[in-house]
Amino acid sequence: MNKIKAYAAASATSPFGPAMIERREPGPHDVQIEILFCGICHSDLHYARDEWHDLMPTVYPCVPGHEIVGRVAKAGSGVAKFKAGDLAAVGCMVDSDRTCPECRAGLEQFCPNQTMTYGSKDNHLGLPTYGGYSDLIVVDEHFVLHVPSNLDLAGAAPLLCAGITTYSPMRHWGVTKGQKVGVVGLGGLGHMAVKFAHALGAHVVVFTTSPSKKEDALRLGADEVVISRNADEMRKHAGSFHFILDAVAAEHDINTYIWLLRRDGNITLVGAPQKPLAVGAFGLLLGRRSLSGSLIGGIAETQEMLDFCGTQGITADVEVIPIQKVNEAYERMLRSDVKYRFSIDMASLRS
Ligand code: NAP
Ligand code: ZN
């Protein structure tokens, strides 16, 4: 067992501060990774503040972080995919049973016995799992990804959650050239969705509550930007979208977007607000429209997404911060004041 440095929150209302956590010595199939960058996802905030209490009450002290990029420090004797010195990445999962139908289908994110990167029970130590706001992490090689060497590492870290969460539903729903695709909420997830939809050849429309983000949205790959609080602008797009990705972290009216779908169009929810959203039946009935959800993506698809990013030169637009600024970063994220992902330089934890 190793005691290592981390940043933890002791309760839903406590700020993050330095803490020590335990990690196992790497076993034969484990990779020990020195963490170089860790993105800050809005899910980290929901979890740290116990906003998903009814579904998964937060275990304290909690160490979030599931957008992890680093370098392999040690690889177990049976590890085939990695050696010391390699770049490596870890997302939202660190284990699953690998025998259930979901795992066999490459959809480990839906495994009933999945171990999440933080807040799950660790099968090895019996402790809660701790995430990437820490010095190093030990993970079974099946859940460790390769990072294309041409990508900037600070900007690559958010691909492990914001990237795969937006890439996966677009692949599932067949987003392709010539389609009209909407992205609701230009935050960490939303800005990755714009990049992917653009790279897939779609006509991309961003819906934002922040007029100040208009120029950025166009630069990121949007063809049009709609200020979603402007009802006239919204109405112009009625019945026209093949696919809309809703990446909003707070309460909002999803019905407005359902009505923007064309016949058989789909809106996929990836945002996970604390409170339930009300859905009117008629928006779905008329036009046989559908509303669905999506959760990150499987391991094979996550590697596919990283390789796609390597080929296309896609990374997140990040603001790099030291770990000591994580509390301030959370407050700014709540004000939608991040362009477009915080990426923590984990060297700051060691200095
Ligand atoms: P984020 O960076 O905070 O972005 C959320 C965006 O939502 C904001 O930038 C803002 O965009 C918009 N927004 C915020 N408050 C709003 C309001 N009251 N009404 C309308 N729009 C509002 O968050 P994120 O990290 O991208 O995460 C987004 C959500 O996805 C979170 O709930 C997170 O937990 C969830 N998530 C889900 C998965 C999954 O697997 N399904 C994975 C990761 C994250 P504008 O300024 O453009 O309006
Ligand atoms: Zn996330």
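Colleague: Which residue stands opposite Ala88 in S5?

Modeller: This is a predicted model, in which local features need pLDDT of at least 70 and side-chain atom pairs count only at pLDDT 80 or more, while totals for chains, interfaces and linings use all residues. Residues are numbered from 1 along each chain as its sequence is written, chains are lettered from A and ligands numbered from 1 in the order in which they are written, and side-chain values use heavy atoms, without hydrogens and water. Strand S4 (residues 68-75) pairs with S5 in the antiparallel sense over four bridges; strands (E, at least two residues) and helices (H or I, at least four) are DSSP runs numbered from the N terminus, and two strands pair if DSSP finds at least two bridges between them. The residue opposite Ala88 is Gly70.

Colleague: Are the residues of strand S5 (residues 87-90) buried or exposed?

Modeller: Buried means under 20% relative accessible area, exposed over 50%, and partly exposed in between (1.4 Å probe, protein chains only). Leu87 and Ala89 point one way from S5, Ala88 and Val90 the other way, and all are buried.

Colleague: How far apart in the chain are Arg98 and Asp140?

Modeller: Their side chains meet in a salt bridge at 3.2 Å, N to O, a salt bridge being a side-chain nitrogen of Lys or Arg within 4 Å of a carboxyl oxygen of Asp or Glu. Arg98 sits in the loop between strand S6 (93-95) and helix H2 (101-104), and Asp140 in strand S8 (residues 136-140). The pair links distant parts of the chain, 42 residues apart.

Colleague: What is the distance between the closest N and O atoms of Lys275 and Glu251?

Modeller: Glu251 counts as exposed because its relative accessibility is 57%. In the salt bridge that Lys275 forms with Glu251, the closest N and O atoms are apart by 3.8 Å.

Colleague: Within what arc do the buried residues of H11 fall?

Modeller: In helix H11 (residues 326-334), Val326, Ala329, Tyr330, Arg332 and Met333 are buried. They line one face of the helix, because, taking the directions from the helix axis to the C-beta atoms, they fall within an arc of 165 degrees.
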